[in-house]
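Hi,

Here is the structure for your files.

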Amino acid sequence: MTTGYTVDQLRSAAADAVRAPSLHNTQPWRFRLVDGGIELSVDPLRRLPATDPSGWGARIACGAALFNLRLALAVAGTPATVRLRPRPSEPDVVARLVPDVPRRPTPTEQSLHGAIARRFSNRAPFWPDPVPADARWRLGEAARAEQCWLELVIGTSAVNAFAEIARSAHRVLERDPAYVTERTEWTRSASSPDGVPAAGGGPQSEPQDLLPQRGFGGRDRAPGRDFEPEPLVAVLGSAGNTAADQIVAGQGLQRVLLTATDAGLAVSMLSQPIEVPGAREALRLSLGRFGTPQMVMRIGFGQPGRTTPRRPIDDVLDLPVVPA
């Protein structure tokens, strides 16, 4: 058994970790080696004070990156034992990973790892084909494997009730000039290693849309390409809403997203009902669930797209200084 991870192992695993999703594609994470362990931290310089004042979104994103990190290390035959929030005096340190007993990766780990590079948020309208029952079951199992729950919002009345909560939250957020300004600052019209490309921001909103869309400056939609009238909406939740719960939820979110990608499904995320406390509580009550909703997803079959850019790996690593 090895005594610690190396810089090369950190670099290789972090290259997969940074493919995780984040609010406005801010990529709010840093990685470092400390006494042979890999530590993942929230990057305080990449917080969103208007959109994410509590840090919930940054912790969800880092939890998703942590899941990718775990997968990458497991597929390399060097799985990790993970400790969340290892030092209370350093709350930005999300997790510490130290080598576990070496083993061969499982088929599930290999499949999910293979989906990392293909996963992207598909904000375009989906095809009308329903998501098969076996795929829905796999998504629920993925959430449960990470100590989370996944509730599917099914039926016209349930979807319409959710849509009203989502639209109400969207209106609250859009009334905040700082929120709108922050979103604009992270929208990219030219090539950039972070932020949301306008071309990938989805089509412009139309009055007939059931669910709200963030205004990332997307294109006008083609005739006849309205959003699906009854989308499959899934709500991911955790047992509580502590910082550790949010990191756990980020891991569950990424496992669900990679499971969907592996199944050939398209997913986009709708966090507006989570960002507004009153809307989040209304959503929880409408589902009749204990615990806390942490993310909402729209799931279906979509047209091909492309992943959003990522910063160079050296920009997110804090490597030890080698004496001259």
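The lining of the second largest cavity has 5 nonpolar, 3 polar and 3 charged residues. (Ala, Val, Leu, Ile, Met, Phe, Trp, Tyr, Cys and Pro count as nonpolar, Asp, Glu, Lys and Arg as charged, and the others, Gly among them, as polar.) Among those lining residues are Ser22, Arg46, Arg47 and Asp52. Its volume is about 50 Å³.

This is a predicted model: local features need pLDDT of at least 70, side-chain atom pairs count only at pLDDT 80 or more, and totals for chains, interfaces and linings use all residues. Residues are numbered from 1 along each chain as its sequence is written, and side-chain values use heavy atoms, leaving out hydrogens and water.

On a 1 Å grid over the protein atoms alone, a cavity is a set of points where a 1.4 Å probe fits but cannot get out; lining residues have an atom within 4 Å of a point. A volume is the space filled by probe spheres set on the points, which are joined across faces, edges and corners.

The largest cavity holds about 540 Å³. It is lined by 33 residues, and Ser22, His24, Ser121, Arg123 and Met269 lie nearest its centre. They divide into 15 nonpolar, 12 polar and 6 charged.

Now aspartate 194. It is buried (under 20% relative accessible area), at 9%. Its side chain makes polar contacts (N or O atoms within 3.5 Å, one able to donate a hydrogen and the other to accept it; residues adjacent in sequence count only if both atoms are side-chain atoms). One is with the side chain of arginine 46, at 3.0 Å. Another joins it to the side chain of serine 192, at 3.1 Å.

Best wishes

Conventions:
1 Å grid on protein atoms, 1.4 Å probe; cavity = no way out; pocket = protein on both sides within 12 Å on 5 of 7 lines; lining within 4 Å. Buried < 20%, exposed > 50% of the residue type's maximum accessible area, 1.4 Å probe, protein only.
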